[in-house]
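Please open the structure in your viewer and keep the selection panel at hand. The tour goes from one selection to the next and says what is found at each stop.

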Amino acid sequence: MPEFQKKPVVIEARQITDSTVAVRLAEWVPNAYVQYVQGPMGLPDQYRLMIPTLEGVMEAGTGDWIIKGVQGEFYPCKPDIFEQTYEPLEAK
């Protein structure tokens, strides 16, 4: 079987660190909206960023990364996958 390697592509990404950031990122992602989620049994309430994608609306919460792809599309990425796939560019 032939093997392939992913091409090095530079992307923009921002991480949701708390509910306030989720609200601000809704302004960065076209057609995204914030959904309020009540925390269960004493856990804090949260906000989720709902992102329209070609695969349907995807949900992103605290810790998740929002990626702007090479064709301007947006999608969420879990932090462990992001860490395995991407690394910061060195400052020039």
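## A tour by selection

Begin by selecting Asp64, which, leaving aside its neighbours within four places in sequence, is in contact with Arg14, Gln15, Ile16, Glu59, Cys77, Lys78 and Pro79, where contact means heavy atoms within 4.5 Å. Before going further, note that this is a predicted model, in which local features need pLDDT of at least 70 and side-chain atom pairs count only at pLDDT 80 or more, while totals for chains, interfaces and linings use all residues. Residues are numbered from 1 along each chain as its sequence is written, and side-chain values use heavy atoms, with hydrogens and water left out.

Asp64 sits in the loop between strand S4 (56-60) and S5; helices (H or I, at least four residues) and strands (E, at least two) are DSSP runs, numbered from the N terminus. Is Asp64 buried or exposed? Asp64 counts as buried because its relative accessibility is 4%, given that buried means under 20% relative accessible area, exposed over 50% and partly exposed in between, with a 1.4 Å probe and protein chains only.

Next, select strands S1, S5 and S6, which form an open sheet in the order S1-S5-S6 with antiparallel pairing; two strands pair if DSSP finds at least two bridges between them. Strand S1 (12-15) and strand S6 (74-77) are the edge strands, each pairing on one side only. Between S1 and strand S5 (residues 65-68) there are four bridges, and Glu12 has Lys68 as its bridge partner in S5.

Now show helix H1, which lies across S1, S5 and S6 and runs at about 155° to S1, the axes being lines fitted to C-alpha atoms, for helices over the stretch in contact, and the angles running from 0 to 180 degrees between N-to-C directions.

From here, turn to the largest nonpolar core, which has 13 residues, those with the most contacts inside it being Ile16, Leu25, Val29, Leu49, Ile51 and Ile66; such a core is a set of buried Ala, Val, Leu, Ile, Met, Phe, Trp, Tyr and Cys residues joined through side-chain atoms within 4.5 Å. Helix H1 (19-28) and strand S3 (46-53) each supply at least two residues of this core, and H1 gives the most, with five.

Finally, select Asn31, in the loop between H1 and strand S2 (33-37), where the residue has a positive phi of about 65° although it is not a glycine. Asn31 counts as exposed, because its relative accessibility is 67%.
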